[in-house]
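Subject: Structure handover, with notes on cavities, pockets and salt bridges

Hello,

Here is the structure we discussed. My notes follow below it.

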Amino acid sequence: MLYCLAAVLRDIRPAAPITLGAIARLLVVGFLLTALVTYPTLPGLTTHGRFDTGDGRFSIWNVGWIGHALTTAPADLLDANIFHPHRGALAYSEPNLVAGLLGLPAFLATGGNAVAALNSAVFGGLLLALVSMWLLVRRLTGSEPGAYCAAIGFAFCPYVQAHTAHIQLVLVFGFPLVLLALLRLRARPSVWSGAGLGAALAVAALSSGYYGFFAALMLAVVVVGWVTTDRRYWLALGAAGVVCLSLVLPVLVPYRAARVAVDAGAGVALDEAHTYAATVGTYLSSPAHAHQWLPAAAESVFPGFATLMLAAVGIWASVRRTPEDRRTVAVLGVVVVLAAWASFGPAAGLYGWLASIVPLMDMLRAPVRLGIVVTFALAVIAGFGARHLLAGRPLLAVAVIGLMTMELLAVPWPLRPEPPVPGAYRTLAGLARGPLVEFPFPYRRADFHEHTRAMVGSIHHWQPLVNGYSDVTPPGFEALALELSAFPDPVSFEVMRKLGVRYVLWHLDRYNDEARVRLLARFAPYQDRLRTLADDGRVRLVEIVDGPAPPGMGAR
């Protein structure tokens, strides 16, 4: 990502030269602001995460799995340790490959700590968003205060802060990165600048499938708005397409194949997009403390008052500036309108039309997420407004930047300390590899997200799990969950045998008194087949071993 950022900056001539002092200030201020906004991410780097939600636990497991796979068996990256014996389970949801790479240094430095990997990916991703947005708006406006206002309004917007449990939705840096690459291509159209744009678009797509689509659609609008007859420009855009596809297809092809293998197909029904469409309420909702008086909604895509006001000034001021400024603001205004329109889903018309003509877009079920494109374009326009208001007024610029930061704060982030790690997990880490079932084993579809407890627990041992949770549930998993729910009994024992299960773990402290008594009463007939490996009264780990078949099981 850093290489891509450096590549797209080469040959871009800003309206005013960017000095080393400005870059140094950007990095220091960016680091401090990101540390403040994401507090307590850095102090709790190895210990705090979204352990309180299924999506949060999933993100920790996901980024941790990528670090584990890349450092042990890279060829098995897609074969995540969930839904045993299914293969390619990482493809059942967003694979989060860029997040895994961002978190890899921390994963290695901490001896394989998945929590540190995720937290460093979040911190690094937001810092990249702030830096790349600053560089983009600085390039467009020549204004350092304007660049800071735009960067803060975008990187720390309410939408981002509402998705602290979703690593793929925090990595928003792809949008400014793509436009930076396009600026370089416009300045010096060539195969190399085209390759830079293709690489930037691929990074956006591999950070988040949604953001890859959204960035491509945004790029199409901007390319039309900045159209030129220069043949080199169009050849460079062709090179961008080739490079992007060459980088994305090696991931997309096995991803789709794995989903098709479990009859998941490639897309979702269009009517599902109605459920996750934006409403007027979502554009008025925010988790920031300064916005607590706004109405609550399931999603938060409010751009922020400062961003809206500065964007309004930017639109007004652009009329009095150069034709290039007017053109840029107009193009971004069109992006705002189209993205907002599409975010309201199929019922509003545009999203359904796009889904009918854009390949693979039926894989996206949440049109409301186009709200981040609305905020991005408004934040860039706000940079023009800040340039107009703050030029030659350094004290006012500091005050506005400070107030803007305070408006968007939602500190502390809702991170929780990691629960105590059972000794049984450490025991599992030292045992021979073998499939594991963790109980309680939720068997109602509405409770499947509870399987993320076993998944986040597996970051301490990485044994293959029969448990699993993802966007796609393999066929037969619901029936399997029901069969296993009464273990140990003859039916579930036979299912375990067919699956090749070696280890079984019970979190006894998650059962109420009555259920725990019933569970423990079932153990007696199976003592010869369940060898206890760890038991501290709260968590019991056993190994299934050969022994006399209990009554009712029959011959094996």
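A cavity here is a set of grid points where a 1.4 Å probe fits but cannot get out, and its lining residues are those with an atom within 4 Å of a point. Please keep in mind that this is a predicted model.

Cavities

Searching the whole structure gives two cavities of 30 Å³ or more. The volume of the largest cavity is about 70 Å³. Its lining consists of Thr41, Gly49, Arg50, Gly56, Leu118, Asn119, Val122, Thr164, Ala165, Trp413 and Leu415. Helix α5, residues 114-141, is the top contributor to this lining, with three residues. Sorted by class, the lining of the largest cavity has five nonpolar, five polar and one charged residues.

The second largest pocket

The second largest pocket holds about 470 Å³ of space. It is lined by 22 residues, of which Phe439, Pro440, Phe441, Pro442 and Tyr511 are the closest to the pocket centre. At least two lining residues come from each of β3 (436-439), α20 (452-457) and α23 (513-521). The most come from α23, which supplies three residues. The classes in the lining of the second largest pocket are eleven nonpolar, three polar and eight charged residues.

Salt bridges

As background, side chains of opposite charge can pair when their charged atoms come close. With a cut-off of 4 Å between a side-chain nitrogen of Lys or Arg and a carboxyl oxygen of Asp or Glu, the count comes to 17 salt bridges.

Arg186 pairs with Glu324, and their closest N and O atoms are 3.2 Å apart. Arg186 is partly exposed, at 28% relative accessibility. Glu324 is also partly exposed, and its relative accessible area is 36%.

Arg516 forms a salt bridge with Asp513, with 2.8 Å between the closest N and O atoms. Both Arg516 and Asp513 are in helix α23, and they are three residues apart, about one turn of the helix. Helix α23 is the element noted above for giving the most to the lining of the second largest pocket. Arg516 has a relative accessible area of 24% and is partly exposed, whereas Asp513, at 56%, is exposed.

Glu543 forms a salt bridge with Arg531, and here the closest N and O atoms are 2.3 Å apart. Glu543 is in strand β6 (residues 539-544) and Arg531 in strand β5 (residues 530-535), and the pair, twelve residues apart, links distant parts of the chain. Is Glu543 buried or exposed? The cut-off for buried is under 20% relative accessible area, and Glu543 has 8%, so Glu543 is buried.

Finally, Arg321, Asp325 and Arg387 are linked to one another in a network of salt bridges.

Regards

Notes:
Residues are numbered from 1 along each chain as its sequence is written. This is a predicted model: local features need pLDDT of at least 70, side-chain atom pairs count only at pLDDT 80 or more; totals for chains, interfaces and linings use all residues. Side-chain values use heavy atoms; hydrogens and water are left out. On a 1 Å grid over the protein atoms alone, a cavity is a set of points where a 1.4 Å probe fits but cannot get out, and a pocket is an open set with protein on both sides within 12 Å along at least five of seven lines; lining residues have an atom within 4 Å of a point. Grid points are joined across faces, edges and corners, and a volume is the space filled by probe spheres set on the points. Helices (H or I, at least four residues) and strands (E, at least two) are DSSP runs, numbered from the N terminus. Ala, Val, Leu, Ile, Met, Phe, Trp, Tyr, Cys and Pro count as nonpolar, Asp, Glu, Lys and Arg as charged, and the others, Gly among them, as polar. Buried means under 20% relative accessible area, exposed over 50%, partly exposed in between (1.4 Å probe, protein chains only).
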